[in-house]
Amino acid sequence: METLDVVSRKVFVANELGLHARPAARLAREAQKYSSRITLLSQEQEVDAKSILDLLTLALGPGCAVELKAQGEDAQSALEQLEQLFLNRFEEER
């Protein structure tokens, strides 16, 4: 069985209210579209990006830096899409 490399990207929480319930749900929903294992790493804590509850446990406020990590066949495209959510502030307030 071939082992797939882990890809990662550093992103920032740019929306004013941080990663609260609405953007966390959106992130989890988007991550669930991919077969890759996708995690979010913040200050030594790594959680499943496909779980809204796991994402909320990070309590990410505005300006927090996090690392998106993915491993699987569609890891690269998953990270590209998820990074766009962060860059677009989850289409919330500016």
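This is a predicted model: local features need pLDDT of at least 70, side-chain atom pairs count only at pLDDT 80 or more; totals for chains, interfaces and linings use all residues.
Residues are numbered from 1 along each chain as its sequence is written, and side-chain values use heavy atoms, with hydrogens and water left out. Local features need pLDDT of at least 70 and side-chain atom pairs count only at pLDDT 80 or more, while totals for chains, interfaces and linings use all residues.

Colleague: What distance separates the end C-alpha atoms of helix 3?

Modeller: Helices (H or I, at least four residues) and strands (E, at least two) are DSSP runs, numbered from the N terminus. The expected span of a helix is 1.5 Å times one less than its number of residues. Helix 3 has 13 residues and should therefore span 18 Å, and the distance between its end C-alpha atoms agrees, at 18 Å.

Colleague: Within what arc do the buried residues of helix 3 fall?

Modeller: Buried means under 20% relative accessible area, exposed over 50%, and partly exposed in between (1.4 Å probe, protein chains only). The buried residues of helix 3 are Ala 75, Ala 78, Leu 79, Leu 82, Glu 83, Leu 85 and Phe 86. They line one face of the helix, because seen down its axis they fall within an arc (taken from the directions from the helix axis to the C-beta atoms) of 150°.

Colleague: Which elements do the buried residues of helix 3 pack against?

Modeller: Contact means heavy atoms within 4.5 Å. The packing partners of these buried residues include one helix, helix 1. The complete set is strand 1 (6-12), helix 1, strand 2 and strand 4.

Colleague: Is Glu 30 buried or exposed?

Modeller: Glu 30 is found in helix 1 (residues 21-31). Leaving aside neighbours within four places in sequence, Glu 30 is in contact with Gln 81, Leu 82 and Leu 85. Its relative accessibility is 13%, so Glu 30 counts as buried.

Colleague: What is the geometry of the pair formed by Phe 86 and Phe 90?

Modeller: Rings of Phe, Tyr and Trp (its six-membered ring) pair if their centres lie within 6.5 Å; planes under 30 degrees apart count as stacked, over 60 as edge-to-face and the rest as tilted. A search of the whole structure finds one aromatic pair. The ring centres of Phe 86 and Phe 90 are 5.0 Å apart and the planes stand at 70°, so the pair is edge-to-face.

Colleague: What relative accessibility does Phe 90 have?

Modeller: Phe 86 counts as buried at 2% relative accessibility. Phe 90 also counts as buried, because its relative accessibility is 5%.

Colleague: Which residue is the bridge partner of Arg 37 in strand 4?

Modeller: Two strands pair if DSSP finds at least two bridges between them. Strand 2 (residues 37-42) and strand 4 (residues 65-71) pair in the antiparallel sense over five bridges. In strand 4, Arg 37 is bridged to Gln 71.

Colleague: Which residue in the turn between strand 2 and strand 3 has a positive phi?

Modeller: Strand 2 also pairs with strand 3 (residues 45-48) in the antiparallel sense, over four bridges; there, Leu 40 is bridged to Val 47. The two strands form a hairpin with two residues between them.

Colleague: How far is Glu 44 from Ala 70 in space?

Modeller: Glu 44 lies in the loop between strand 2 and strand 3 and counts as exposed at 81% relative accessibility. Glu 44 and Ala 70 are 26 residues apart in sequence, and their C-alpha to C-alpha distance in space is 16 Å.
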